[in-house]
Amino acid sequence: MAKQDIAIETRDGTAKAGLFQPGRRPAAEAPGVILYMDAFGPRPALDAMAERLAGEGYVVLLPDLFYRYGDYGPFDARTAFSEEPTRTTLRSMIGGTTQDMTRRDSAAFLEALTQAGATGRIGTVGYCMGGSRAIHAAAAYPERIAAAASFHGGRLANDAPDSPHLHVATIKGHVYVGSAGIDESFPPEQSARLAEALRRAEIDHVIENYVGMAHGWAVPDNRVYDERGAERHWKRLLTLFDETLR
């Protein structure tokens, strides 16, 4: 599954992305997946995750959500939030990349998958900041996105007007949320608020608490990576996509 570096024209500029073709079936028959990055940007660790998905028979797109900032990083997932100046830089970039931007960008991401041969149903998956993006994309493009997954995603039911839980009513697919056991960015009260919103919208969903896992456990270059927890996440993700995209 060789990675192809591509450029995607969005309404705001040109986003770099990695495109990973499936190994088991022709691209014309393969469903597509958008992998929304965590806060540290596209890098070999995320490439490896995209390759694993491609190996299961998906056309996978890994876009750079920070493309508006030009050249940067990628950041070291083990130290970026514990050291200056990267902590301040990262927080600024995350805050400056709004949900509305990502919703607009996702139209171009979907078109890129179509051009790559994934013309049917699409799945989204995101990690950390990407978790909320995966859910927002499903709300913005319900006719195309049949499944959305978030792993250790933060701020999924916060007090901001762009909080994901306020926009889930338009989702027509399935939603899976895997939360870290203890996560300040997604505390129990937010989990309850998100569950209520999904249930009221009558959306098929699962919110699962990964007890003992810390925020970032599923991404292999994160300092809190947990292999057992990561494999559990893969099992859940592949089951979700197999049941909804095939």
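Let me begin with one term: a residue is buried when its relative accessible area is under 20%. Keep that in mind. And remember that this model is predicted.

Start with helix H3, residues 99-115. Which residues in H3 are buried? They are Gln99, Met101, Thr102, Arg104, Asp105, Ser106, Ala108, Phe109, Leu110, Ala112 and Leu113. Now its length. H3 has 17 residues, so at 1.5 Å a residue it should span 24 Å. The end C-alpha atoms are 24 Å apart, which agrees. H3 also has a kink of about 25°, centred on serine 106. Just after the helix comes glycine 117, with a positive phi of about 110°.

Next, the sheet. Strands pair through backbone hydrogen bonds, parallel or antiparallel. Here 8 strands form an open sheet with mixed pairing. Read the order with me: S1-S2-S4-S3-S5-S6-S7-S8. Strands S1 and S8 are the edges, as each pairs on one side only. On average, neighbouring strands are turned by 20° against each other, ignoring direction.

Look at one pair. S1 and S2 run antiparallel, joined by 8 bridges. Alanine 7 has its bridge partner in S2, lysine 16.

Back to H3, which packs on this sheet. H3 touches S1, S2, S3, S4, S5 and S6. Its direction makes about 145° with that of S3.

Now the loops. Aspartate 38 sits between strand S3 and helix H1. Is aspartate 38 buried or exposed? Its relative accessibility is 2%, so aspartate 38 counts as buried. Its side chain makes a polar contact of 2.8 Å with the side chain of arginine 43. Aspartate 38 also touches other residues, including Leu46, Tyr127 and Val219.

Proline 85 is in the loop between S4 and helix H2. The peptide bond from glutamate 84 to proline 85 is cis, with omega near 5°.

Histidine 152 is not a glycine, but has a positive phi of about 40°. Glutamate 202 is not a glycine either, and has a positive phi of about 55°. Where are they? Histidine 152 is in the loop between S6 and S7. Glutamate 202 is in the loop between helix H5 and S8. Histidine 152 counts as buried because its relative accessibility is 1%. Glutamate 202, at 74%, counts as exposed.

How values were computed: Residues numbered from 1 in each chain as written. Predicted model: local features only at pLDDT ≥ 70, side-chain atom pairs only at ≥ 80, totals over all residues. Heavy atoms only, no water. Helix = DSSP H or I, 4+ residues; strand = E, 2+ residues; numbered from the N terminus. Buried < 20%, exposed > 50% of the residue type's maximum accessible area, 1.4 Å probe, protein only. Polar contact = N/O pair within 3.5 Å; in protein donor to acceptor, adjacent residues only side chain to side chain. Contact = heavy atoms within 4.5 Å. Expected span 1.5 Å × (residues − 1). Bend = angle between axes of the 7 residues up to and from the residue. Pairing = 2+ DSSP bridges. Axes fitted to C-alpha atoms, helices over the stretch in contact; angles between N-to-C directions. Lists of a residue's contacts leave out its neighbours within four places in sequence.
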